[in-house]
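Please keep the sequence and the 3D view at hand while reading.

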Amino acid sequence: MRRVWAVASVLVVALALWPMLGARAQESPAPAGPPEEAGRQLFVTGCSSCHGVDGRGTDRGPSLEHSGGAGAYYYLSTGRMPLTAEGQPRRKDPAYDPAQIGLLTAYVASLGDGPPVPAVDPAQGDLALGGELYRASCAACHSAAGIGGALSYGGYAPPLRQSEPQQIAAALRIGPGNMPLFAPAVFDDHQVASLVRYVRFLQHAPNPGGARLGGAGPIPEGFVGWVFGIGALLAATLWIGTRMNQRRRT
């Protein structure tokens, strides 16, 4: 009987303390203080093993002194950093939430004189101009439909279907990987907005000709048509031949 009362007492105390424990568990773990200092705490915890405590790089990762906010935002928001495996960074779900990405971006921006996170409004761009710029400077690698493509030496240009406007603008300003850097002297803000607007158009382009088939273009789509068409003809021929043989036997 005493054991029953002891267990019951413990349960009563636990139920009484549960709201307080739950409230503590829901408290935000985000570091406090100015953005740069809070970002530095996140940086030391999650980035310093490769980029160094001061962001000057190590033998495992490059210096971030001139990456700027644009570089930090691009790599963190697309999930390309932190790396999960050796090789070229690839898009995946971000490891940090938007607030933490903002703090890390502010800290990396304070390390040097790199490009800031661009503010871009696709609605302010010119769609026709963006198409001209894309075909002249981007389509050779990312393809006319924005689905990406292979490059030399095992590299590749990633697809643009998931890219958000600010990520596209940031990539233009930092030139990640094999991509050339398009500084303001090459593409001004209006041209960047126009190019971003055109990429957004590609992401939601109408397809009056039928199934998109990944937007791979007329040659791959025609090949698919030939394969399915010839396959259907062969299947029909085999079916007719089988029926003819059955009739002859009967």
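Buried means under 20% relative accessible area, exposed means over 50%, and partly exposed lies in between, with a 1.4 Å probe and protein chains only. Helices (H or I, at least four residues) and strands (E, at least two) are DSSP runs, numbered from the N terminus. The model is predicted, so local features need pLDDT of at least 70 and side-chain atom pairs count only at pLDDT 80 or more, whereas totals for chains, interfaces and linings use all residues. Residues are numbered from 1 along each chain as its sequence is written, and side-chain values use heavy atoms, with hydrogens and water left out.

**Helix 6**

- G130, G131, L133 and Y134 are buried in helix 6 (127-137).
- These residues lie on the same side of helix 6, because they cover an arc of only 170 degrees around the axis; the arc is that of the directions from the helix axis to the C-beta atoms.
- The other side of helix 6 carries the exposed residues A128, R135 and A136.

**Largest pocket**

- Rolling a probe the size of a water molecule over the atoms shows where empty space is left.
- On a 1 Å grid over the protein atoms alone, a cavity is a set of points where a 1.4 Å probe fits but cannot get out, and a pocket is an open set with protein on both sides within 12 Å along at least five of seven lines; lining residues have an atom within 4 Å of a point.
- Grid points are joined across faces, edges and corners, and a volume is the space filled by probe spheres set on the points.
- The largest pocket holds about 680 Å³ of space.
- It is lined by 25 residues, of which C50, H51, P62, L64 and M81 are the closest to its centre.
- Two or more lining residues come from each of helix 2 (35-46), helix 3 (48-51), helix 4 (68-77) and helix 5 (98-109).
- Helix 4 provides the largest share of this lining, four residues.
- The lining of the largest pocket comprises 14 nonpolar, nine polar and two charged residues. Here Ala, Val, Leu, Ile, Met, Phe, Trp, Tyr, Cys and Pro count as nonpolar, Asp, Glu, Lys and Arg as charged, and the others, Gly among them, as polar.

**Second largest pocket**

- The volume of the second largest pocket is about 570 Å³.
- Its lining has 31 residues, and those closest to the centre are Y74, H142, P158, P176 and M179.
- At least two lining residues each come from helix 4, helix 6, helix 7 (139-142), strand 2 (156-157), helix 8 (165-174) and helix 9 (189-203).
- Helix 8 contributes the most to this lining, with four residues.
- By class, the lining of the second largest pocket contains 21 nonpolar, eight polar and two charged residues.

**Cysteines**

- The structure has zero disulfides, a disulfide being a pair of cysteine sulfur atoms within 2.5 Å.
- For C138, the closest cysteine sulfur is that of C141, at 8.5 Å, which is too far for a bond.
- C138 is buried at 8% relative accessibility, whereas C141 is partly exposed, with a relative accessible area of 34%.

**Salt bridges**

- Side chains of opposite charge can pair when their charged atoms come close.
- Three salt bridges are present, each defined as a side-chain nitrogen of Lys or Arg within 4 Å of a carboxyl oxygen of Asp or Glu.
- R56 pairs with D54 (3.2 Å, N to O) and also with E65 (2.8 Å, N to O).
- R56 is exposed at 51% relative accessible area, while D54, at 41%, is partly exposed, as is E65 at 23%.
- A further salt bridge joins D189 and R173 (3.2 Å, N to O).
- This pair links distant parts of the chain, since D189 is in helix 9 and R173 in helix 8, 16 residues apart.
- D189 is exposed, with a relative accessible area of 61%, but R173 is buried at 11%.
- Through shared partners, salt bridges connect D54, R56 and E65 into one network.

**Backbone features**

- M81 and P82 are joined by a cis peptide bond, with omega about 0 degrees.
- P82 sits in the loop between helix 4 and helix 5.
- S143 is not a glycine, yet has a positive phi of about 75 degrees.
- S143 occurs in the loop between helix 7 and strand 1 (149-150) and is buried, with a relative accessible area of 17%.
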